[in-house]
Amino acid sequence: MLDAESATMESNGNAFPPEPPAEAAGWSLDQAPPQPPADVAPEGSDSSQDYPGQEQQMNSSELGSVEKAVEQFQLANASLFQEEHPPPPPPPPPPPPAEEADQAVEYASEAQPGAYVQDGSQDGTEAPQLEDGMELEEPSREGTQESSVPAEPTIPSEFERLFKICEDSPEDFNAWVALLQYVEQENLLLPARKSFDVFFLRYPYCYGYWKKYADLEKKNGNIQVAEEVYRRGLQAIPLSVDLWLHYLTFIKENSDPDDPETEGRIRASYEHAVLAAGTDFRSDRLWESYITWETEQQKLAHVTTIYDRILGIPTQLYSQHFQRFKDHVQGNHPKYFLSEEEFVHLRLELSKSSLSGMVGEDEEANIPQEELPPGTEDLADPAKRVTEIENMRHKVIEVRQEVFNHNEHEVSKRWAFEEGIKRPYFHVKALEKTQLNNWKEYLDFEVENGTPERVVVLFERCLIACALYEEFWIKYAKYLEGFSTDGARHVYKKACTIHLPKKPSIHLLWAAFEEQQGNVEEARRILKSLEETIPSLAMVRLRRVSLERRRGNLEEAEALLKEAMELANNTTESSFYAVKLARHMVKVQRSLAKAKKVLLDAIEKDQTSSRLYLNLLELEFAGDVTQNETEILACFDRALMSPLPLETRIVFSQRKVEFLEDFGSDINVLVAAYEEQQRLQKESDSLKRKAENGYDSSQEPDAKRQRLDDPSAVAANAMTDMQANNSAYNYNWYQQQYGGWGQNSWGQYNQYGQYNQYYPPPPT
C-alpha cells in the first residue's frame, strides 16, 4: 500500500485543504455510506423533491459554486492515497542508481499532482489525477503478502539500446512502445519498472500501460506492488472507467472471502470509483458492475440507492438503467429493496392516502385507521398485503419517473456532442479538426448550461483526448481562475510539467498567473525552467526582463539582456537584443549615452542590420534636432556607407534629403544629399531593367562592356541630369521626386515604420 508520508504523496493534499464532506468522513471499513434518497432529485433542478423523510443535502448555492464542485471532485478522488498505514516492505533487489531514483521522486511529485485535471476515457483511455478526501481501505497484511523478487540477471544489451533511443527521442511514442513490449515479453522486472516509470513521466494518460505494469508485477508475485501501481494509475487518470474496472477486479480476486472486512473494502472501492468517474457520460459499465456486485451480496437496498444516483446522471444508457430499475422493483419485495425507515414511511403515507380516499372532502373522517404492524412485518390480511406491495412498487417507480424524465431531457441536449466524440482516449496522433471543434462547442455549452460539477468533469474528459492541445488547458485554467486559485494552478502545473513541456504560450500564462498571485519567485522559476528547456527563445528572455523591470530590479533586467547578447547564436539575434537593451537604457534608465554606445558597438559587429541604424537615428532625433544636426547626418552617412542592400540605402538617402529639407542649415549639404540619392536611384533602376530583360553582362564583348562601364560616360550622364534638374531648381524637383513617397516608396519598407513616428512621409 502507499504510505501517506511517502514521496509519492508529496503533491497530494496541498491543493484543497477543506475538511471532507460528511459522506466521505463517515465511511468505514465495513460499509460505504448509502446514498441518501435525496439524490433522486433531478440534477440541477430547482424544484426537485426530497425523498420522503430525507433532507436535501446540497443547496442551490453549493451547486452554483465552481470552487465547491472542484473541491468535491478532488475529495472524491485523491483520498484513495491518504490512509495512514505503514508502508510496504521494500523489495529485495537493490535500488536503482541515484539518477533513476531522482526520476522516480520527480514522477511521484509531478506526474501525479492532485485533482483538478481529470479526464475520462473508457476504451483504452486515460484521465488526469486523483484528489484528496477519501480513504480506500488496504487489504490486511495477513491476506496479502509480497513475494520476494528474484535477483535479476544482467541487463541485456537490447534493453540498453532501446532505452537509449527513448532517452534521446522521448517524443517518439513508437520507440516507447517497442521498449515496453520488449521488457514485458522478456519479463525483465527491474528494467520494466525503470521503463514504465520513465514512460509515465511523459504519458500518464495511457491507461492500457498502467494495466500492463500492474499485470507484470502480479505475474512476479508482487501483489502489493501491483495494487500500488493501480493506485498510481487511478491517481493519474481517475476518470478511466476501464482502469477502475480492472482495479476492482484485482481487489476482488486478491481479497480473502473469509475476511469480514472484505465486503466493506470492496464497497468502499466501488464508492471511490463512482465518485471519481461516475459522472462520465460513458460510465455505464462501472455503475452496472457496482449494481451487479451489490446484487450478488443480496444487498437490495444498496442496489436501490445506487439506482437513485445513476437515474439522475446523464449517461449513454440512461434508459436501460431505468428499465432495469423497474425490473428490480417489480421482482423484489419492497421491504428488501427499501431501507426500513423508508419502508415504514412509505407504508404510513399509503395508509393515510387510502383512508382519505374512503371519506369525502366535507365528511368527517370517523373511520378508524387500521393498526399497522411494527417495522417491516407483513400485514395480516393477504389481500391487503398484496395491495400494499403493489401500491408501494407503483409509488417507488412514480417518484423516480420524474427524475428519469428530467434526466432524459438533459441527455437529449448533450447527445449530439457525445456522438461527435470519436476518440475519447489519449493518443499522440493529431485529432481531426471536426472533433476539436466539437469539444470546443461542447465545453461552451456546458459552461453556459451545466452545473459546476459537470463543467469540471467535461474539462477533465476533454483533456484526455486533447492533452497535447494547449488551447484546452488554457481554457480550463482560465475558467478556474475566477473560482479556485489552487485549481487553476494545478491545471497549469500539470499541463506544463507533464503534457506540454515545450509549449511556451501556456508557460508564459502560468508565470503571469503566479505573478498576479504575488508568487514572484515561482514566476521566475517557471520562466527560467522554460528557457532551459527551450533555449534561445526571445519571448521567454524578454518576459524575464519585463518581470525584473516590474519588480524594480533594473540591474538584473540589464544583465539578462547583456547575457542574451553574449549567448546569441548569430549577429541578427545579438542585434535584436542590442536594440532592446538600448531602449531599456534610454526609456527606463534615462541614459542616452549608454544606449548610444550599445547601438554603436552592435553596428560594429553587424553592419547589415538596418534596425540598428534606425534605432540609432531614433536616439538622435529624441533630442533637439537643430543642435544634433551633425550627429544625425553622421548616422545617415554611416548607413549609406554600410554594406546594406541598395534598396535600403535608397530609403536612408531619401530620409536624409527629407531631414535636410525640414531642418538642414546648409544648402550645399542638401544638394549633395539629393545628388547622392539620384545616383542610388539610377543604379537601382538600371539593375531592375537588366533583370527584366534577362541581361547578363558576363556574356557581352569586352569592348561593349568597357564602354558601358566607362566612368567618364557615367559621370557625363550624371552631370547632364544634374544640369537639367538644377536649371529648374525651385523646389519643384522635390515634389516631383518625393511626391509619391507616402503611397508608393514607403509601402515597400514597412519594417521601418517605427522611424515614421518622427518623420512621416510628405503629403501628396
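Mentor: Let us begin with the angle between two helices, which is taken between their N-to-C directions and runs from 0 to 180 degrees. Please keep in mind that this is a predicted model.

Trainee: At what angle do helix α6 and helix α7 pack, and how far apart are their axes?

Mentor: Helix α6, residues 173-186, and helix α7, residues 189-202, pack at an angle of about 155 degrees, and their axes lie 9 Å apart. Because of that angle, α6 is roughly antiparallel to α7, a term that applies to angles over 145 degrees. The crossing in which α6 passes α7 is left-handed.

Trainee: Which residues of α6 and α7 meet?

Mentor: On the α6 side they are Phe173, Trp176, Leu179, Leu180 and Val183, and these meet Pro191, Ala192, Ser195, Phe196, Val198 and Phe199 of α7. Sorted by class, this contact of α6 with α7 has 10 nonpolar residues and 1 polar residue, with no charged ones.

Trainee: How should I decide whether a residue is buried or exposed, and which is Trp510?

Mentor: The general idea is to look at the relative accessible area, where a value under 20% counts as buried. Trp510, which is found in helix α22, residues 504-516, has a relative accessible area of 3%, and is therefore buried.

Trainee: Which residues is Trp510 in contact with, leaving aside its neighbours within four places in sequence?

Mentor: With those neighbours left aside, Trp510 is in contact with Arg489, Tyr492, Lys493, Cys496, Thr497, Glu522, Arg525 and Ile526. Tyr492 is 18 residues from Trp510 along the chain, yet the C-alpha atoms of the two are separated by 5.8 Å.

Trainee: With which side chains does the side chain of Glu514 make a polar contact?

Mentor: Glu514 also has its place in helix α22, and because its relative accessibility is 0%, it counts as buried. Its side chain makes a polar contact with the side chain of Arg489 at 2.8 Å, and another with the side chain of Asn519, also at 2.8 Å. Beyond its neighbours within four places in sequence, Glu514 is in contact with Arg489, Asn519, Glu522, Ala523 and Ile526.

Note on methods
Residues numbered from 1 in each chain as written. Predicted model: local features only at pLDDT ≥ 70, side-chain atom pairs only at ≥ 80, totals over all residues. Heavy atoms only, no water. Helix = DSSP H or I, 4+ residues; strand = E, 2+ residues; numbered from the N terminus. Parallel < 35°, antiparallel > 145°, perpendicular 65-115°, else oblique. Left-handed = near helix turned anticlockwise from the far one by under 90°. Contact = heavy atoms within 4.5 Å. Nonpolar A, V, L, I, M, F, W, Y, C, P; charged D, E, K, R; others polar. Buried < 20%, exposed > 50% of the residue type's maximum accessible area, 1.4 Å probe, protein only. Polar contact = N/O pair within 3.5 Å; in protein donor to acceptor, adjacent residues only side chain to side chain.
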